Amino acid sequence: YQRRVHGEGVHSGDASGVVPDSFRIMRILLARIEDSKTGRILLPELQCDISDRVRNAFKKAAEVGHGYSSFPFISGGSPVTDDPVEQSLNRSWRAQLAIIGARGLPSLAQAGNVLRPSTTLLLTCRLPPVVDPEVALGAMKTALEADPPYGAQVSFKPQKCNSGWIAPEEAPWLAKATEAASLAIYGKEPGQIGGGGSIPFMSMLLKMFPKAQFLVTGVLGPKSNAHGPNEFLHIPFAEKLTSCVALVLTAMATGHGVEQ
């Protein structure tokens, strides 16, 4: 979204304290939708109730050792929370805002003592899977454009939005087969987690096949990096996961549990 308050750049030594800085106005507006100290999203339209089913699944995943220590924190760096259950809830069932691009900010080598006339930011907001993205966009637009500070011109232009997805409850045969496969290959019970990946086709598949069962899995964690400049997989783990999927498919095809 874009914010403009004056027609051209002016010398900061002459105009600061009279002309408001465009980036400070951005900070004021962003504070309407996010608590900068905690990262909590403030708009109720972007929030939802979290069921006991979800909380219990994340607790079970934490009990078998699931966590997010694989992210490349610097020495001394720390996550938003150390609680693995809260981490899972934050990354899938609580809206999160990130600034992924900017225009109007010169490079350090080109910057001077100038109050810039405008700032444009590219925002991305991950939504809980049951939140209506169109309603969420409308709430963000209203919050950012209404009553702008200092009479600034503010425009919020959505680019695209997709609905989230929540897997239906597992049928007894799938729960049994998944557990048996995980114990056979990894020696541990399986766990369920949420993810923020943009996979809107899962919602499409569920609408097309409402009675189908879903097993959505993949390789992430230590020595794996998805969709980064240096994308790679942990091959031994991927081989084991492929074996698990094969055992589950065998159980589905034969109608029997998986032998350990």
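At 16% relative accessibility, F214 counts as buried, where buried means under 20% relative accessible area, exposed over 50%, and partly exposed in between (1.4 Å probe, protein chains only). This is a predicted model, in which local features need pLDDT of at least 70 and side-chain atom pairs count only at pLDDT 80 or more, while totals for chains, interfaces and linings use all residues. Residues are numbered from 1 along each chain as its sequence is written, and side-chain values use heavy atoms, with hydrogens and water left out.

**Aromatic pairs**

- Rings of Phe, Tyr and Trp (its six-membered ring) are taken to pair if their centres lie within 6.5 Å, and planes under 30 degrees apart count as stacked, over 60 as edge-to-face and the rest as tilted; by this rule the count comes to two aromatic pairs.
- The rings of W165 and F214 have centres 5.3 Å apart and planes at 70°, so this pair is edge-to-face.
- W165 lies in the loop between β6 (153-155) and α6 (172-185), and F214 in the loop between α7 (201-208) and α8 (235-254), so the pair ties together parts that are 49 residues apart in sequence; helices (H or I, at least four residues) and strands (E, at least two) are DSSP runs, numbered from the N terminus.
- W165, at 19% relative accessibility, counts as buried.
- Y186 and F237 form a tilted pair, with 5.1 Å from centre to centre and 35° between the planes.
- This pair links distant parts of the chain, since Y186 is in the loop between α6 and α7 and F237 is in helix α8, 51 residues apart.
- Y186 is partly exposed, with a relative accessible area of 26%, and F237 counts as partly exposed at 35% relative accessibility.

**Helix α3**

- The twelve residues of helix α3 (residues 52-63) should span 16 Å at 1.5 Å a residue, and the end C-alpha atoms are 16 Å apart, which agrees; the expected span is 1.5 Å times one less than the number of residues.
- V54, A57, F58 and A61 are buried in α3.
- Seen down the axis of α3, the buried residues fall within an arc of 95°, so they line one face of the helix, the arc being that of the directions from the helix axis to the C-beta atoms.
- These buried residues pack against α4 (84-90), with contact meaning heavy atoms within 4.5 Å, whereas the face of α3 turned away from its buried side carries the exposed residues D52 and E63.

**Confidence**

- The chain averages a pLDDT (the predictor's confidence in each residue, from 0 to 100) of 86, and 92% of the residues score at least 70.
- Confidence in the chain is lowest in strand β1 (residues 2-4), at a mean of 56, and highest in helix α5 (residues 133-145), at 95.
- Where pLDDT is low, the predicted coordinates should not be read in detail.
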